[in-house]
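Q: I have a structure open and want to learn how to read it. Can we go through it feature by feature?

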Number of protein chains: 2
Amino acid sequence: MTDCQGDGAGCPMDLYEKLNAQGDKVRALKAAKAEKADIDVAVQLLLKLKVDYKQMTGQDYKAGCPPSENSVPPDNGPAVDGADDEDTVDPWNVSTTSAKGVDYDKLIVRFGSSKIDKELVDRIEKVSGQKPHRFLRRGIFFSHSLIYNSISSYCSRWLQDVFDIPLVIQMTDDEKYLWKDLTLEECHRFAVENAKDIIACGFDINKTFIFSDLDYMGASPEFYRNVVKIQKHVTFNQVKGIFGFTDSDCIGKISFPAIQAAPSFSNSFPQIFGGRKDTQCLIPCAIDQDPYFRMTRDVAPRIGYPKPALLHSTFFPALQGAQTKMSASDANSSIFLTDTPKQIKNKINKHAFSGGKDTVEEHRKYGGNPDVDVSFMYLTFFLEDDEQLEKIRQDYTSGALLTGELKKILIETLQPMIAQHQERRKQVTDEIVKQFMTPRPLNFNI
Amino acid sequence: MTDCQGDGAGCPMDLYEKLNAQGDKVRALKAAKAEKADIDVAVQLLLKLKVDYKQMTGQDYKAGCPPSENSVPPDNGPAVDGADDEDTVDPWNVSTTSAKGVDYDKLIVRFGSSKIDKELVDRIEKVSGQKPHRFLRRGIFFSHSLIYNSISSYCSRWLQDVFDIPLVIQMTDDEKYLWKDLTLEECHRFAVENAKDIIACGFDINKTFIFSDLDYMGASPEFYRNVVKIQKHVTFNQVKGIFGFTDSDCIGKISFPAIQAAPSFSNSFPQIFGGRKDTQCLIPCAIDQDPYFRMTRDVAPRIGYPKPALLHSTFFPALQGAQTKMSASDANSSIFLTDTPKQIKNKINKHAFSGGKDTVEEHRKYGGNPDVDVSFMYLTFFLEDDEQLEKIRQDYTSGALLTGELKKILIETLQPMIAQHQERRKQVTDEIVKQFMTPRPLNFNI
């Protein structure tokens, strides 16, 4: 990508001309009655370019209207929420009007990523020699950008175990301070508490570095150097377009995306990568975090670093249904890692939105709808056995399985998992957290 | 100052009401034919409030027109450059149309500071038991905010020597990187080279800490914590108003003022002040740096810190005259610390703007004008003896002293000073720089 004006992301005029050319191509294909698949590919690229254009300029692309110089997006309008009737997905808002939840196929087009299809899952199995994680098999991590190149990169625990790679986990306590009405000390304490839950998931201490921004920024000149590099190459117009910031936002929020971006570059961690800047990074993240990493991927080549690869995960739905929001302040909106077996049972029985019919008779006759049933959605996250899950789906759809029975399966799946987690978390001492959070070399083979 | 909307600096409506009240007061004083001095004081406060209002809202205050909600200053308009015919003074631009240079009395009103008058200089002499530095005696440091409270604070070398206080010197190499087309490594190297010149001025190594932002940010979690605190309490609207940033500026520039502000707070240096956050800071700076510290003084009470005090210095004029700019890239625009005795002589003889007459005869008859004569201005900076300086002023004004003779005095004053500086600089080894730049305790009594 060329940089015409030194203000990042190529220049609007380049993109405008690309859009003109792509529009011509689509019209030519249609006029020539080309194959539907070919037209679809051209249209998808056109849509992607339009999203990029809107993000860069704040304007909708219109043929014949070149970008104006001072174009900015309207205040308060998150740019990724481009069209009516679309889901809203940005780092601070996720909303949808559909009970099935967010339409991820649309998001894939909007965010310009690619779906993790059967072929790719098979390929991961072949390379790793292990059965891919159920999150990959079931499309919970549903899209990717560059997983092909990312085997030698950071990754989540499963990828870590299978591929023997180092994992770096950023706790953005500075972000929490900037967005919430909390003190720095509170935000830092929450970060350490969260680290305990992460450690309880079983990460390998020899391959995992967990850090708080508030600590690590002041412990690594290399990290700050990368932050400043990124901050020099991103304008307010760009973060306004990407994140919907306004002039009333504090300068901390405005510059924060650079801090979220810096760990994507391996020389931010000289103690791990020995100053190498060419080690590529894979970021498994929920798709609402995508704007940060779109920005990062845009900046990377301009500061001489490889682009990070992304694995996008779906959202974990609230108990009340996929179109409502989970909230840490509403105990009934989700199952918490601190819940007792009784709380788990009560919450699921009382609050988990059901795709079943109103009466047993109707349910037996017409069957339930697993696509909107939150208990079933949770099972796709937590039940390991693919065949058992498929049987549940079929039985629930046919009406053979009642809502109460489905809920019981979920309760009995979750209760031991969470109890085990709590048991492991108890064993995570402050000393262990300190070890995970100490900058140090890690053991891996890349 | 109350904070009505959580977006800093009190709220525009509060300030608007203060302005209404102050306008009423001025009118009442005039109607009552009060003492001129009383009216002047009331008018000065009114002017100051108007400047604050413009900075906060981007609008000129008008009685009867309350501030609108989304008011912002026009892009590209540095807010301190409020009226026509006024000097432009902000951290990146200093310009004036007067050969005498910037009108500092006007700046004092505009910036809301106070002049260092005879009374204050006498008071410094009494408290310190030493003759005040010529920069104070001659108004080179010409205004102050809170010097009364600042004896137990950081200070420049003279203040350090006289008052036995620690001095912290910030090298903003990150700022240079953000504003200039240079690499991080180049900016850092320049900072170290500049540190050598500073050290050569004779600062006490036991009382002086010099730091590069690029190094110290990554070496002090306390420093970054203060940066984030400041960044949370300053909005883009505010920095837009104060510094004239636009939407096309990179997010690094936009958030940089917080990094310039953080060293004003003593707990940014726990190795020196042991975590105390109540040690007040005195900042001797050229008045073009004032916007940073106006912002800092505004933020300080809202994050629980004392406001830093300021000592404003005049600008050192360019050889070609006070209305032109010194430039590091124009060797003839100033005397450099690296100049040879011959270069000093040639530059002053060829380029120093003269306040003398065209011929010796005219000069003898009408006399010269020391107020616009750059050689005389330089002597006010460099000649220690007040009586000798006054005699030169009188002789030049009367015509007894010719321009060539005045220039000769300056040349003979500067040549040994600069030679001595060069000699001292040679003795500043990399090891000494390293010591000055190492975070460590300092020796002082406050």
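The dialogue below goes from an annotated domain to the interface and then to salt bridges.

A: Keep in mind that this is a predicted model. Let us begin with the domain record.

Q: Which residues of chain A does the annotation "domain: WHEP-TRS" cover?
A: An annotation gives a span, and the model then gives its fold. The UniProt annotation, from an unreviewed entry, places this domain at residues 11-67 of chain A. That span is 74% helix and 0% strand. Its end C-alpha atoms are 10 Å apart.

Q: Where does Lys33(A) lie, and is Lys33(A) buried or exposed?
A: Lys33(A) sits in the loop between helix 1 (12-31) and helix 2 (36-57) of chain A. Its phi is near 50°, a positive value in a residue other than glycine. Lys33(A) counts as exposed because its relative accessibility is 73%, and the cut-off is over 50%.

Q: Is Gln22(B) buried or exposed?
A: Compare the relative accessible area with the cut-off. Gln22(B) has 8%, and buried means under 20%, so Gln22(B) is buried. Gln22(B) belongs to helix 1 (residues 12-31) of chain B. Setting aside neighbours within four places in sequence, Gln22(B) touches Ala42(B), Leu45(B), Leu46(B) and Leu49(B).

Q: How many residues does each chain give to the contact between chain B and chain A?
A: Read an interface by residues, then by area. Chain B gives 40 residues and chain A gives 40 residues. The buried area is about 3400 Å², with 60% of that from carbon and sulfur atoms. In chain B, Tyr224(B), Lys232(B) and Ile251(B) lose the most area to chain A, together 22% of what that side buries.

Q: How many salt bridges and polar contacts cross between chain B and chain A?
A: Side chains of opposite charge can pair when their charged atoms come close. Across this interface there are 4 salt bridges. One of them joins Arg225(B) to Asp215(A), with the closest N and O atoms 3.7 Å apart.

Q: Which helix of chain B gives the most residues to the side that touches chain A?
A: Helix 10 of chain B does, with 7 residues. By class, that side of chain B has 19 nonpolar, 10 polar and 11 charged residues.

Q: How many salt bridges are there over all chains?
A: The whole structure has 36. For each pair, ask how far apart the partners are in sequence. Asp164(A) and Lys207(A) form a salt bridge with the closest N and O atoms 2.8 Å apart. This pair links distant parts of the chain, 43 residues apart. Asp164(A) is in the loop between helix 6 (157-163) and strand 5 (167-171) of chain A. Lys207(A) is in the loop between helix 8 (184-200) and strand 6 (208-212) of chain A. Lys207(A) is buried, at 14% relative accessible area.

Methods
Residues numbered from 1 in each chain as written. Chains lettered and ligands numbered in written order. Predicted model: local features only at pLDDT ≥ 70, side-chain atom pairs only at ≥ 80, totals over all residues. Heavy atoms only, no water. UniProt positions renumbered as here; feature names shortened; annotations may be inferred. Helix = DSSP H or I, 4+ residues; strand = E, 2+ residues; numbered from the N terminus. Buried < 20%, exposed > 50% of the residue type's maximum accessible area, 1.4 Å probe, protein only. Contact = heavy atoms within 4.5 Å. Buried area = accessible area lost by both parts, 1.4 Å probe. Salt bridge = Lys/Arg side-chain N within 4 Å of Asp/Glu carboxyl O. Nonpolar A, V, L, I, M, F, W, Y, C, P; charged D, E, K, R; others polar.
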